[in-house]
Amino acid sequence: TKTIAVLTSGGDAPGMNAAVRAVTRTGISSGMRVMGVRRGYNGLLNRDVFEMNLRSVSDIINDGGTALFTARSPEFNTPEGVKEAADNCRDMGIEGVVVIGGDGSFRGARDLTKAGIPCVCVPGTIDNDIASTEYTIGFDTAMNTAVEMVDRLRDTTESHDRCSVVEVMGRRCGDLALQTGIAVGATSILVPEVPFDFQRDIIDRMMFTQKTGKKHFIIVVAEGVGGVDKLAKDIEAKTGIETRATVLGHVQRGGSPTLRDRVVGTVMGYYAADLLYRGKGNRVVVMHDGKITDVDLNEALNMTRTFDKQLYDIAHRVSI
Ligand code: ADP
């Protein structure tokens, strides 16, 4: 029988558990052995690996985080580390690995594939920052959490006629800020993909809406733009409106996955195990035009992301 392994790597994301569960159950029901690897690539280096059965993944579909734990592994990210991980896999009889994680983890999977252990990648990150797929597992949960948090801020912002500057996650990718900003009716949304002008894009917009009667304001800023404390001070100095900065931080990473993340996680996990079952490695499971499919791993890593500028423009047209 063929033996495959599954690991979660890099930043955790809600819905990773649904994917691990689906890989495990699909693998076992196809007649393969499925090994769980703890703490990402570290688990391959330390042989922190255990055989899973159908019940190993019971009662995790509703949990945030990852039951397999995750890690950043600088030790793996060297030619020697990759070779050692591949040798350990061969030694343990592991013939393929499902890697659930972000771009960094995918690069690791490419290296491990080159070293002789075929990998299939599943996109799991709350940032939605992977070029090859329209959707990454965890994004929906994070957006909904961010919206809930900003709604709470809004209550107090509204009661005091204040301005709230809220930083949401997304170092290189403004998707979370854009979606959240639309959903909370932000006056301005700042993302790393679109340069902004302080006066035109924040102050003028606030003043314009104030003239028509608006008394409280929410500015949503992606982590990659940053500088929310200074921004809040500058806004207050320029407008006289009391302004507070809030960084939502890692609360956005946690929590029970939404229906969407459980379903997409399940389908992508199933798909990944099935690819390995059919002897296909070096692939990334992606969503394309709303459907789950797969692309070559090297091609995936060479793609560049496109930001939805049209949606960004709509957001600003409507928030007046
Ligand atoms: P994410 O997968 O969420 O993007 P990281 O970028 O931290 O998270 O990557 C997770 C792990 O993948 C790293 O700790 C490292 O072991 C491995 N990795 C990252 N980048 C590379 C790379 N360029 N080559 C090989 N392995 C990498």
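A: Angles between axes under 35 degrees count as roughly parallel, those over 145 as roughly antiparallel, those from 65 to 115 as roughly perpendicular, and the rest as oblique. The structure to which these words are applied here is a predicted model.

Q: Why are α6 and α11 called roughly parallel to each other?
A: The axes of helix α6 (residues 175-184) and helix α11 (residues 309-318) come within 10 Å and cross at roughly 30 degrees. The cut-off for this class is under 35 degrees, and α6 and α11 are therefore roughly parallel to each other. Their crossing is left-handed.

Q: What makes α7 oblique to α8?
A: α7 (198-211) and helix α8 (residues 228-239) pack with their axes 11 Å apart, at an angle of about 55 degrees. That angle makes α7 oblique to α8, because angles under 35, over 145 or from 65 to 115 degrees have classes of their own and the rest count as oblique. The crossing in which α7 passes α8 is right-handed.

Q: Why is G102 called buried?
A: G102 has 21 other C-beta atoms within 10 Å, and a residue counts as buried if there are 20 or more, so G102 is buried. G102 is found in the loop between β4 (96-101) and α4, and it is among the residues that come nearest to the ligand, together with G10, G104, S105 and G108. Although G102 and T8 are 94 residues apart in sequence, their C-alpha atoms are 9.4 Å apart in space.

Q: What makes K214 and K215 partly exposed?
A: Partly exposed is the class between exposed, with 12 or fewer other C-beta atoms within 10 Å, and buried, with 20 or more. K214 has 16 such atoms and is therefore partly exposed, and K215, with 13, is partly exposed as well. K214 lies in the loop between α7 and β8 (217-222), which is also the place of K215.

Q: How do you know that the positions of the "binding site" feature in UniProt are spread in space?
A: The unreviewed UniProt entry places this feature at R21, A22, V23, T24, R25, R154, K211, K214, K215 and H216. These positions are spread over 196 residues of sequence, and in space they reach up to 59.1 Å between C-alpha atoms.

Q: Which classes of residue make up the shell around the ligand?
A: The shell has 11 polar, four charged and two nonpolar residues, with Gly counted among the polar ones. Its largest share, six residues, comes from helix α4 (residues 103-114).

Definitions and conventions. Residues are numbered from 1 along each chain as its sequence is written. This is a predicted model: local features need pLDDT of at least 70, side-chain atom pairs count only at pLDDT 80 or more; totals for chains, interfaces and linings use all residues. A residue is near a molecule or strand if its C-beta atom, placed from the backbone, lies within 6 Å of it. Helices (H or I, at least four residues) and strands (E, at least two) are DSSP runs, numbered from the N terminus. UniProt positions are given in the numbering used here, feature names are shortened, and annotations may be inferred rather than shown by experiment. Axes are lines fitted to C-alpha atoms, for helices over the stretch in contact, and angles run from 0 to 180 degrees between N-to-C directions. A crossing is left-handed if the near helix is turned anticlockwise from the far one by less than a right angle, and right-handed if clockwise.
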